[in-house]
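Dear colleague,

I am passing a structure on to you. The sequence and coordinates come first, and my notes on what was found follow.

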Amino acid sequence: TGVQTCALPISSRSSVLTGLFEHRHGCNFEHGDLERRFLEQSYPVLLRRAGYYTGFAGKLGFDLQGEKFEAIAGFFDQWAGGPGQTFYETAKNPGIARYAERYPHCSRAYAAWAADFLREAKASGKPFCLSISFKAPHLPFTPDPQDAKLYAGRTFTRPPNYGVEKGRHLSAQARTSRAATGYREWINAYDESAAAYYALITGVDAAVGMIRESLAREGLAENTVIIFSSDNGYNMGAHGFGDKVLPYEEASRSPLIIHDPRRPAASRGRTSAALTGQVDIAATIHAFAGVPAPADIDGRNLLPLLDDPAGRVRDAMPLFNYWGIASAQSLAIVAPGWKYIFWAHGADGLRPTEELFDLANDPHEMANVASDPRHAVVLANLRRRYDA
């Protein structure tokens, strides 16, 4: 179970780099940018200090507090990061603009940049740490034409909880979110939106393939760990919601794939139901690199799961949304098989609301069982974790 503990890319990317929950690194569209002291303790900076050759390309999403965006480049050996949302048009991103003629759409252009980085990293004689942060599949949905044609004119099956009527049982607070009031393309033009969304994801798939080919070409593939994860995805009309900024499953789950080619074939292809989150990526990279992580980070090292997928990392994980309209801000607690959400906002005719979902039996969150006495013990336990 991979969890995005915070609902916005700016916060999420900061948590990936630092291994800290959002309320600790404080980086959010409304809080402010990342303080330099947190970047100085991020995994790429500490690995570089330990002798790694480091690179970053793609959407970073934040500035350093009180500094120009370009100041971040000095923390890396190679840099092609972009401010804000960056652009799908390769030529508009200075770090990768030289690849625009061959790869006019940025996803494959970042893979081309990675190929050059890997060649230079090999020549350096150092171990390397490369981070690629794709813009896709963020709005606006403008995929590479070669990917778009694969999905043109197709229709897609809606999820079981699709549509506004499937969200009437949820909190009134959730329905004040921009996920409910905007992003109506997922309700009014689902097939067209899904086609473009999947085409953008296909472009990322192609770019990952290109990077793996580059690793093989440089003779690095058999000694390079690959960690793949993503932002939290769009709700795609689930419960009538379109945007991401809610603690329900569609907007809080994310994939995590760890490929270590050095491990025996028998250990590959296994899955784990352990409760993990994007805050765990930094600690895991530190463990792979043999470089100590800061002692007080929130993330956990996931390497033990590679040997024992049935192992447990933690018993609960918080989900934060500290952004947007106040009524839709929330804190939730996820535990194996369960999710508890407290909507604290009680103004404007709204009442503070508890939600409890039995995810093991209701993965699409179609029944709020907070008032069901059969689950009173679970509810009390998750309330305690919320309070903590």
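**Notes on the sheets and the chain**

Strand 2 (residues 53-59) and strand 4 run parallel and are joined by six bridges. Strands, like helices, are DSSP runs numbered from the N terminus (E, at least two residues, for strands; H or I, at least four, for helices). Two strands count as paired if DSSP finds at least two bridges between them. One of the bridges links G55 to L130 in strand 4.

This is a predicted model, in which local features need pLDDT of at least 70, side-chain atom pairs count only at pLDDT 80 or more, and totals for chains, interfaces and linings use all residues. Residues are numbered from 1 along each chain as its sequence is written, and side-chain values use heavy atoms, with hydrogens and water left out.

The pair belongs to an open sheet of three strands in the order 3-2-4, with parallel pairing. Strand 3 (78-82) and strand 4 (128-133) are at the edges with a single partner strand each, so one side of each has no neighbour in the sheet. On average, neighbouring strands here are turned by 10° against each other, direction ignored. Axes are lines fitted to C-alpha atoms, for helices over the stretch in contact, and angles run from 0 to 180 degrees between N-to-C directions.

K59 is in strand 2. With 3% relative accessibility, K59 counts as buried (under 20% relative accessible area; exposed is over 50% and partly exposed in between, with a 1.4 Å probe and protein chains only). The K59 side chain makes a polar contact with the side chain of Q85 at 2.7 Å. A polar contact is a pair of N or O atoms within 3.5 Å; within protein, one must be able to donate a hydrogen and the other to accept it, and residues adjacent in sequence count only if both atoms are side-chain atoms.

A further open sheet has four strands in the order 8-9-10-11, paired antiparallel. Its edge strands, strand 8 (317-321) and strand 11 (353-358), each pair on one side only. Strand 8 pairs with strand 9 (residues 330-335) over five bridges in the antiparallel sense, and F320 has L331 in strand 9 as its bridge partner.

How many of the five residues of strand 8 are buried? Five of the five are, so strand 8 is largely enclosed by the rest of the structure. M317, L319 and N321 are buried on one side, and P318 and F320 on the other. Helix 13 (residues 376-387) lies across strand 9, strand 10 (338-343) and strand 11, at about 60° to strand 10.

For the protein chain as a whole, there are 13 helices and 11 strands. Its radius of gyration is 21 Å, close to the 21 Å that the globule rule gives for 388 residues, so the chain is as compact as a globular protein of that length. The radius is taken over C-alpha atoms, and the rule is 2.2 Å times the number of residues to the power 0.38. Buried residues make up 54% of the 388.

Regards

Key. Contact = heavy atoms within 4.5 Å.
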